[in-house]
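Hi,

Here is the structure I promised to send over. Have a look at it first, and then read my notes below.

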Amino acid sequence: MEWPRASGILIHPSSLPGRFGVGDLGPGAIRTLDFLHRARQRMWQVLPLGPTGYGASPYALLSAFAGNPLLISPERLLEDDLLATADLEDAPLGPEDRVDYGAVVPWKERLLRASYARYERIASAALRAEFAAFCAAQADWLDEYALFMALKDKHDGAAWTRWTAPYARRDPDALTAARVELVDEIGLHRYTQFLFYRQWAALRKEARKRGVSIIGDLAIFVAHDSADVWANQRYFKLDQRGEPLVVAGVPPDYFSPTGQRWGNPIYRWDALAADGYAWWIARAGHALELADIVRLDHFRGFEAYWEIPGDKPTAEGGRWVEGPGAELFVAIQNALGETPFIAEDLGVITPAVDALRERFGFPGMRVMQFGFDAGAKSQHLPHHASANSALYTGTHDNDTSAGWFATLKASRRAYTLRYLNTNATHVPIAMIRAAQASVARLVIAPLQDVLGLGSEARMNFPSHTDGNWEWRCPERLLTNEVADQLAQFATLYDR
């Protein structure tokens with residue numbers, strides 16, 4: 001496809017401003033769209049939108065198809081008469097710049113149960129018909145997800161391999177009985193998905209009105225404790241108990257002497273291919289229904305991935321294994337047509353990875369922080385950017401640009417300041433301006449960089465297990481002055 005010359009911001013919905021302890025799809029999201037419109041930003045990039053498990057990581061989802069119930073807006077439910085005002089009286093306000101998941105999650109779960117009970121009592125015939133139509137349209141994934149979540153509740157949240165054996169191994173008689181026994185819980189989980197998708201569709205409509213496109217995110221691997229693996233065990237390399245025989249990660253390198261052991265199960269690509277990649281086609285199509293453009297996380301894994309024995313505690317001892325390569329993307333494009341994908345081609349990139357990306361014309365990613373770390377010859381700096389690329393100041397896995405700059409060695413700091421022709425105070429906004437001036441068709445900056453925030457606003461620190469995915473943007477920071485500065489850049493550099 002012909003990519004537009006455009007710019008935008010990266011902020012996950014959980015980080016949006018709002019009244020109820022976590023960002024959601026309500027008024028705070030509309031306020032952010034208004035900010036983007038004033039700033040002449042044409043792109044809003046989000047992280048994966050699915051339901052998160054322990055740790056709240058959007059890259060460890062309970063389903064690759066479902067939406068995150070935490071993002072459902074209580075205010076929108078109130079407007080639709082699916083909550084009573086009294087239901088919001090005990091809301092956990094929490095700090096305006098952090099998510100306290102320990103307080104928010106149980107409150108939101110209680111709230112959604114109250115909404116479902118109210119729906120059962122008073123919903124109109126039109127709303128019931130809309131709900132029924134949603135369940136029918138999404139049955140391919142929704143039925144298994146709702147059953148998975150109901151069984152997970154029945155087993156006190158345990159991973160599916162710890163469930164009673166007939167449920168874990170998907171005994172047909174046991175699952176039939178469970179659908180009867182757990183009918184109310186199954187209904188609740190279908191209902192929360194209906195609410196999420198209804199609100200997301202309304203928000204996308206508002207985005208289109210403001211000329212804003214959504215960039216979604218599709219991770220190559222899925223979580224082991226997910227409806228996807230439980231319902232499709234034949235597609236994954238699992239032992240007789242359902243535990244992974246091998247897991248995903250990346251090999252040891254300069255930054256991590258033992259590598260990274262992510263723990264995701266590895267696909268049986270031969271089984272997927274035998275079915276014409278139907279599951280992957282459905283997954284890609286679903287992602288493109290949720291967003292206008294989709295970022296393919298860990299793109300290099302489609303060419304070759306690092307496979308680690310399941311009993312190894314680190315990524316050491318793994319090996320490179322050939323991935324599905326072009327065959328998968330040919331199948332996806334034959335089924336879906338044009339696929340507006342961005343390839344996250346970071347890490348150990350080989351000529352074969354570049355060739356795969358170039359064959360399909362996917363823009364690659366460049367990250368300015370990496371460029372300044374490496375020096376003038378780096379392909380991550382604006383003067384080396386190609387038109388068919390997406391240039392970022394940083395990503396959700398990096399420190400904010402202000403925090404990153406503060407930790408640089410003196411020589412790298414000096415080079416960065418000379419390159420940007422600025423002083424230490426204005427590094428983040430100078431990075432954004434330099435990126436916007438490049439020939440890269442897409443330029444994305446995390447909202448933290450737009451606001452010039454330090455390390456306290458970092459979204460994720462990959463080697464840390466606590467404190468991730470918690471940052472939120474206080475609404476008072478989304479000022480007209482900040483928006484107008486971005487608008488000037490967009491005008492100056494034809495974005």
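One term before we start: a residue is called buried when its relative accessible area is under 20%, and exposed when that figure is over 50%. Also bear in mind that this is a predicted model.

With that in hand, take Tyr59 and Trp469: both are buried. Their rings form a tilted aromatic pair, 6.1 Å centre to centre with 45° between the planes. What I like here is the reach along the chain. Tyr59 sits in the loop between β2 and α2, Trp469 is in the loop between α19 and α20, and the two are 410 residues apart.

Another tilted pair is Phe221 with Trp262, at 6.5 Å between centres and 55° between planes. Phe221 is in the loop between β3 and α9 while Trp262 belongs to strand β5, so this pair ties together parts 41 residues apart in sequence. Phe221 has 6% relative accessibility and so counts as buried, whereas Trp262, at 35%, counts as partly exposed. Across the whole structure, the search turned up 46 aromatic pairs.

Arg234 lies over the face of Tyr235, 4.3 Å from the ring centre, and Arg283 lies over the face of Trp280 at 4.9 Å.

Trp280 comes up again in the core. The largest nonpolar core has 147 residues, and Trp280 is among those with the most contacts inside it, along with Trp44, Phe329 and Leu447. Helix α8 (residues 183–209) gives the most to this core, with 10 residues. As for Leu447, its contacts beyond its sequence neighbours within four places are Ile9, Leu10, Ile11, Phe35, Trp471, Cys473 and Leu478. A second, separate core of 17 residues includes Leu391 and Leu408.

Last stop, strand β10 (residues 364–367). Which residues are buried on each of its faces? Gly364 and Arg366 are on one side, Met365 and Val367 on the other. β10 pairs with β11 (residues 389–392) in the parallel sense over 4 bridges, and Val367 has Tyr392 as its bridge partner there.

Ala390 is 24 residues away from Arg366 along the chain, yet their C-alpha atoms are separated by 6.2 Å.

Cheers

Terms used:
Residues are numbered from 1 along each chain as its sequence is written. This is a predicted model: local features need pLDDT of at least 70, side-chain atom pairs count only at pLDDT 80 or more; totals for chains, interfaces and linings use all residues. Side-chain values use heavy atoms; hydrogens and water are left out. A nonpolar core is a set of buried Ala, Val, Leu, Ile, Met, Phe, Trp, Tyr and Cys residues joined through side-chain atoms within 4.5 Å. Buried means under 20% relative accessible area, exposed over 50%, partly exposed in between (1.4 Å probe, protein chains only). Contact means heavy atoms within 4.5 Å. Two strands pair if DSSP finds at least two bridges between them. Rings of Phe, Tyr and Trp (its six-membered ring) pair if their centres lie within 6.5 Å; planes under 30 degrees apart count as stacked, over 60 as edge-to-face and the rest as tilted. A charge sits over a ring if NZ of Lys or CZ of Arg is within 6 Å of the ring centre and within 35 degrees of the ring normal.
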